[in-house]
Amino acid sequence: MKIKSILLICMLTISLSACKTDGLISSAGSLVTGLTINETQLKAEAKLSAQEMDKKIPIAPAGNQYAVRLHNLTKNMTTYDGLTLNYKVYLVDEVNAFAMPDGTVRVYAGLMDLMNDDEVLAVIGHEIGHVALKHSLQQYKKAYLAKAAREGLSATDSTVGNIAGAYGDIGEAFLNAQFSQKDELESDAYGVTVLHKMGHDPYAAVRAQEKLQQLGSQDSVFSSHPPSQKRIDLARAAADKITGK
Ligand SMILES: [Zn+2]
């Protein structure tokens with residue numbers, strides 16, 4: 001497999017100094033106040049972003065080998081932990097996957113080429129963790145509010161679908177956002193649990209991380225912050241615990 005670029009947005013270990021404020025700083029630096037948005041609205045907004053991304057990025061059609069493989073892997077996980085999930089493959093040769101607060105899960109063909117079924121499911125479980133633990137919601141909220149600020153939205157605009165034509169941009173900002181190391185570790189542990197509950201090998205989470213770490217030494221993006229040995233060790237410890245070793 002030729003890896004054009006490595007964009008594994010959330011298997012990275014760097015810890016960002018996350019924006020602490022819920023108030024909005026516009027691009028001009030002025031504070032936008034009064035725009036409030038609740039979880040239900042944010043999920044609806046996220047769905048709009050997912051729809052825009054699906055229009056822009058080629059999706060594996062039904063019957064495509066990647067689509068069939070992902071379907072078989074996830075057919076018993078269309079609901080999980082109270083979430084309703086929908087899965088598709090992006091036919092892009094990048095090692096990447098993401099999940100959005102509305103339950104959209106997208107897996108890139110490059111990741112499926114790199115990993116076996118259990119390992120792909122480990123990554124999916126990790127991404128579902130970000131949704132279940134509301135990390136994705138917070139990231140999407142930041143991306144949405146930043147865009148809303150730039151568009152000059154105010155309290156009277158807090159209805160779903162109010163930023164015409166901007167949902168692709170928000171989705172892109174969401175994809176480029178990075179989770180904190182704490183969030184990553186929590187999702188790693190969650191992913192191990194997903195594997196175990198679904199009858200797969202929990203140690204696949206360890207192997208998936210090791211593969212990403214190996215990639216890190218070959219790629220300029222990953223080499224600056226590959227999955228850390230600490231994360232690999234903690235994933236192994238979580239697998240040991242859940243299997244009673
Ligand atoms: Zn992550």
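The mean pLDDT of the protein chain is 83, with 80% of its residues at 70 or more; pLDDT is the predictor's confidence in each residue, from 0 to 100. This is a predicted model, in which local features need pLDDT of at least 70 and side-chain atom pairs count only at 80 or more, while totals for chains, interfaces and linings use all residues. Numbering starts from 1 along each chain as its sequence is written.

Please take care with residues 1–33, where pLDDT stays under 50. Where pLDDT is low, the predicted coordinates should not be read in detail.

The protein chain has ten helices and nine strands, taken as DSSP runs (helices H or I, at least four residues; strands E, at least two) numbered from the N terminus. Of its 245 residues, 39% are buried, meaning that 20 or more other C-beta atoms, placed from the backbone, lie within 10 Å of a residue's own.

Now look at helix α1 (residues 39–56) and helix α6 (residues 167–176): their axes come within 8 Å and cross at roughly 90°. Axes are lines fitted to C-alpha atoms over the stretch in contact, with angles from 0 to 180 degrees between N-to-C directions. The two helices, α1 and α6, are therefore roughly perpendicular to each other, a label for angles of 65 to 115 degrees. Which residues of α1 meet α6? They are L48, S49, A50, E52, M53 and K56, and their partners in α6 are Y167, G168, I170, G171 and F174; contact requires C-beta atoms, placed from the backbone, within 7 Å.

Note on methods:
Angles under 35 degrees count as roughly parallel, over 145 as roughly antiparallel, 65 to 115 as roughly perpendicular and the rest as oblique. Two residues are in contact if their C-beta atoms, placed from the backbone, lie within 7 Å. A residue is buried if 20 or more other C-beta atoms lie within 10 Å of its own, exposed if 12 or fewer, and partly exposed in between; C-beta atoms are placed from the backbone.
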